[in-house]
Amino acid sequence: MPEARDKRGAAGDGAAGKAATEGPGATRPRRRQARGEARIAQLLRAAATVFGTTGYTASSTNAIAREAGVSPGTLYQFFPNKEAIAVELGDQLLHRWRDTYGAAFVPSHVELPLDRMLDAVLDPLIAFNCENPAFFVLMHGSEIPGRITEAHDTLHVTMLSRVEEVLADYLPDAPAAQLHRVAEMTFMVFKAGLDLVLANEGDERAAYIRELKAAMYRYLDPLIGDDSPHLAPQTRRGRTS
């Protein structure tokens, strides 16, 4: 008889456990998970603000917690240190950056006149960097965690290849070495100009954006200008549709 009672007790415990995981209380872990994800998003937004304002090196977990409106102890429940926050934020920003440049480098853009092609490609890239100053900080700082710099280096190579592909559409007979040189020069001009764009605000930022586009246009126009045989006749200089 005691053995029978033990079996019934075990069965009861199992039923109670099943009810706890399948009944009304089953949503509690999911609620806790959702709250945790919301807290992580809150901390990452705060980190983006702090990194973008003070830089990576000068920032601290205390500053991030303060910006998020939580205690340092709450922050440490989700991230062990500043580096872990930077890696998570860097991963998110890199993912969004890939989507941005993927939308910028669409094949149809090479059918546009050079000035309009530069607008179509550069505007979303510049806008992303202006809206996410932490991205530039995390991609170019001297003390950034190695995982971020490795991912950025890989992305740099991918973007450089994409620029070469665009140039190859305009210059199908150009040697590969020339395409690489022009692509690398174009990319470096963009990066240098972007430094100046991000260092300014308002009307002055807009002026630097115009200067950046003008510099790139004057460099590329002799090579792949509006007289390029790649363009449809109605898009070439002096033609009307």
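A: Helix H9 meets helix H10 through Val182, Met185, Thr186, Val189, Phe190, Gly193, Leu194, Leu196, Val197 and Leu198. On the H10 side are Arg205, Tyr208, Ile209, Leu212, Met216, Tyr219, Leu220 and Leu223. Contact means heavy atoms within 4.5 Å. The residues of this contact divide into 15 nonpolar, 2 polar and 1 charged. Here Ala, Val, Leu, Ile, Met, Phe, Trp, Tyr, Cys and Pro count as nonpolar, Asp, Glu, Lys and Arg as charged, and the others, Gly among them, as polar.

This is a predicted model: local features need pLDDT of at least 70, side-chain atom pairs count only at pLDDT 80 or more, and totals for chains, interfaces and linings use all residues. Residues are numbered from 1 along each chain as its sequence is written, and side-chain values use heavy atoms, with hydrogens and water left out.

H9 spans 176–198 and H10 spans 202–224. Helices are DSSP runs (H or I, at least four residues), numbered from the N terminus. The axes of H9 and H10 come within 9 Å and cross at roughly 170 degrees. Axes are lines fitted to C-alpha atoms over the stretch in contact, with angles from 0 to 180 degrees between N-to-C directions. H9 is therefore roughly antiparallel to H10, a label for angles over 145 degrees. The crossing is right-handed: the near helix is turned clockwise from the far one by less than a right angle.

Now the loop between them. Asn200 is found there. A polar atom of the Asn200 side chain lies 2.8 Å from the backbone oxygen of Leu196. Leaving aside residues up to four places away in sequence, Asn200 touches Arg205 and Tyr208. Leu196, Arg205 and Tyr208 also belong to the contact of H9 with H10.

Lys213 forms a salt bridge with Asp119, the closest N and O atoms being 2.8 Å apart. A salt bridge is a side-chain nitrogen of Lys or Arg within 4 Å of a carboxyl oxygen of Asp or Glu. The pair links distant parts of the chain: Asp119 is in helix H6, Lys213 in H10, 94 residues apart. The count by this rule comes to 3 salt bridges.

H6 (residues 114–131) has a helix partner as well: its axis and that of H5 (residues 82–104) come within 8 Å and cross at roughly 165 degrees. That makes H5 roughly antiparallel to H6. This crossing is right-handed.

Terms used:
Helices (H or I, at least four residues) and strands (E, at least two) are DSSP runs, numbered from the N terminus. Angles under 35 degrees count as roughly parallel, over 145 as roughly antiparallel, 65 to 115 as roughly perpendicular and the rest as oblique. A polar contact is a pair of N or O atoms within 3.5 Å; within protein, one must be able to donate a hydrogen and the other to accept it, and residues adjacent in sequence count only if both atoms are side-chain atoms.
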